[in-house]
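Please keep the sequence and the structure in view while reading.

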Amino acid sequence: MSPIWLRGLIAPLAVAVIALTAWPLAGAVAALAVFGAGMLGVAAWHLIQLDALTRWAGTALEKAVPEGRGTWAIAYAALYRRLRLRSARQRDLRLALDRFVSGAEALPEGVVVLDGANRIQWANPRAQAHLGIELRHDAGAPIVNLVRQPAFVQYLANGDFSEPVVVESQRETGMTLSIQIVPFGMEEKLLMSRDITRLEAVARLRRDFIANVSHELKTPLTVLTGFLETLADMPLEERQRQRYLALMAEQAQNMQRLVDDLLTLSALESEHRVLLEAEFAIVPLLLQISADAKALSAGRHEITLNIRDQANVLGSRDEFASAFGNLVSNAVRYTPDGGHIALDWRVTADGAEFSVADTGIGIAAEHISRLTERFYRVDRSRSRATGGTGLGLAIVKHVLIRHQAELVVDSAPAQGSRFTVRLPARRVKVVTDAEAGPAASSTVPTNTASLR
Ligand code: ADP
């Protein structure tokens, strides 16, 4: 028998004992009256306790459980334990829910919970940034009131959510969003938005690049094919045949240069290519660059090399040769005959500078920030006519990035340009004449370079 039964029987038993004791003394009627009155008292007491319980049950949930007396104390204690267990479970659930909500709020993707009628039930802050949803005002509003792009409205109406839909953000110009709906529960839906602006830009860059390369290769190929057909079909004089062959060789060279530059660029961009950190003397490299420039110019320009300081540079000699070579070749190609090209090397307080200044055609300000983009040219036909691939400054940019160096461009139309490469101090080691070795000082021709 449970303790509540034992304790519950005490009062009725006590009444029965009193009534039985009264029987021989006061007679059966009096004993019965005592028993009846006693039991009524017991019942009334239980009713009072029941009333207290009923009143407590009608109050707010957090109101403490009443104490109770006698058998009721046992029942109240059991009730109290049960309520405590339940509130502990509720607390756990609330904590789990809070964790889930803060996780969903921290997601880099926008999340919106929609009901069966596509009304907003909940949204995280990212959804606010992407779609302009402010939960305080927009809870309960149809999603199409806020996301009104026709492609999205159509997507929602179609009901085929196997793929995301790509739309332009209405909130931020230039932002591209990928929105995917995932149905869940009975009729609810989860809307997820992702900012794919960068991905889109990369995809666009890749598309443009392929289109550009194809176009660049197509032009010389068309010319070559034309000449080939002419040579095959028509009887030509020897002089004309030689001229055609020379033109064909020129086109083939253009293609070769383009392919070489593409390979250089792709090697520089490759994440696996480790930078060769070797120390090399800058002077012999500058002399070689200057000699190459003169060969390219073929006496059409005055080219000077001014080496103000001896130094060794830490990095890839080949890559620097390619970057400096591109700057110098540009100066030659974009400077009319008779112009002056000055190559200048100096050690500075922050590292070192190599500059190529020309008195050439110059560049208008609006083009300067885009010059290092692949295939960006101010004047396409002029670039092509001088054998340009449109990749030279892109190569320069990549070499410099790999060496934590920067390119500064000063230019004005018809006044000339100055391209300056700034090397950081940690890549430059100033050396004495003796350390620099014989190649550094002895081979500088006095008419083209000054070495202080
Ligand atoms: P390209 O092969 O066309 O020369 P680059 O990437 O080397 O390609 O240069 C990009 C563009 O920058 C050139 O097409 C040209 O318009 C401009 N540019 C580069 N260097 C010079 C310069 N020294 N003077 C004038 N314009 C220049």
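The largest pocket holds about 950 Å³ of space, and it should be kept in mind throughout that the model is a predicted one. Its lining is made up of 44 residues, and those that lie nearest the centre of the pocket are N326, S329, N330, R333 and G388. Several elements supply at least two residues each to this lining, namely the helices α8 (238–269), α9 (282–297), α10 (317–333), α12 (380–385) and α13 (392–402), together with the strand β12 (416–424). Among these contributors, α10 gives the most, with eight residues. Sorted by class, the lining of the largest pocket has 17 nonpolar, 17 polar and 10 charged residues.

The second largest pocket has a volume of about 450 Å³. It is lined by 19 residues, of which L205, R206, F209, E373 and R374 lie nearest its centre. The classes of its lining residues are seven nonpolar, three polar and nine charged.

The structure also holds one cavity of 30 Å³ or more. The residues lining the largest cavity are H130, L131, L146, V147, Q149, S169, Q170 and L177; by class they comprise four nonpolar, four polar and no charged residues. The table sets out the volumes.

| Space | Volume |
|---|---|
| Largest pocket | about 950 Å³ |
| Second largest pocket | about 450 Å³ |
| Largest cavity | about 30 Å³ |

Where do these spaces belong in the chain as a whole? The domain assignment divides the protein chain into domain 1 (3–97), domain 2 (107–195), domain 3 (200–269) and domain 4 (278–451). The lining of the largest pocket draws at least three residues from each of domain 3 and domain 4, and the lining of the second largest pocket likewise draws at least three from each of domain 3 and domain 4. As for the distance between domains, the C-alpha centres of domain 1 and domain 4 lie 100 Å apart.

We can now turn to the packed regions. In soluble globular proteins, nonpolar side chains tend to be buried together. The largest nonpolar core here has 49 residues, and the members that touch the most others are I282, F324, W345 and F354. Its largest share, eight residues, comes from α10, the helix that also gives the most to the lining of the largest pocket. Because domain 3 and domain 4 both give residues to this core, it lies between them. Apart from its neighbours within four places in sequence, F354 is in contact with L286, F324, V328, L343, D344, W345, F419, T420 and V421. A second, separate core has 21 residues, including L146, M175, I179 and L191; L146 also lines the largest cavity.

Leaving out residues up to four places away in sequence, I363 touches I368, L371, V378, S411, A412, P413, S417 and F419. The C-alpha atoms of I363 and A414 are separated by 7.8 Å, although these residues are 51 residues apart along the chain.

Key
Residues numbered from 1 in each chain as written. Predicted model: local features only at pLDDT ≥ 70, side-chain atom pairs only at ≥ 80, totals over all residues. Heavy atoms only, no water. 1 Å grid on protein atoms, 1.4 Å probe; cavity = no way out; pocket = protein on both sides within 12 Å on 5 of 7 lines; lining within 4 Å. Points joined across faces, edges and corners; volume = space filled by probe spheres on them. Helix = DSSP H or I, 4+ residues; strand = E, 2+ residues; numbered from the N terminus. Nonpolar A, V, L, I, M, F, W, Y, C, P; charged D, E, K, R; others polar. Domains from an automatic or database assignment. Core = buried A, V, L, I, M, F, W, Y, C linked by side-chain atoms within 4.5 Å. Buried < 20%, exposed > 50% of the residue type's maximum accessible area, 1.4 Å probe, protein only. Contact = heavy atoms within 4.5 Å.
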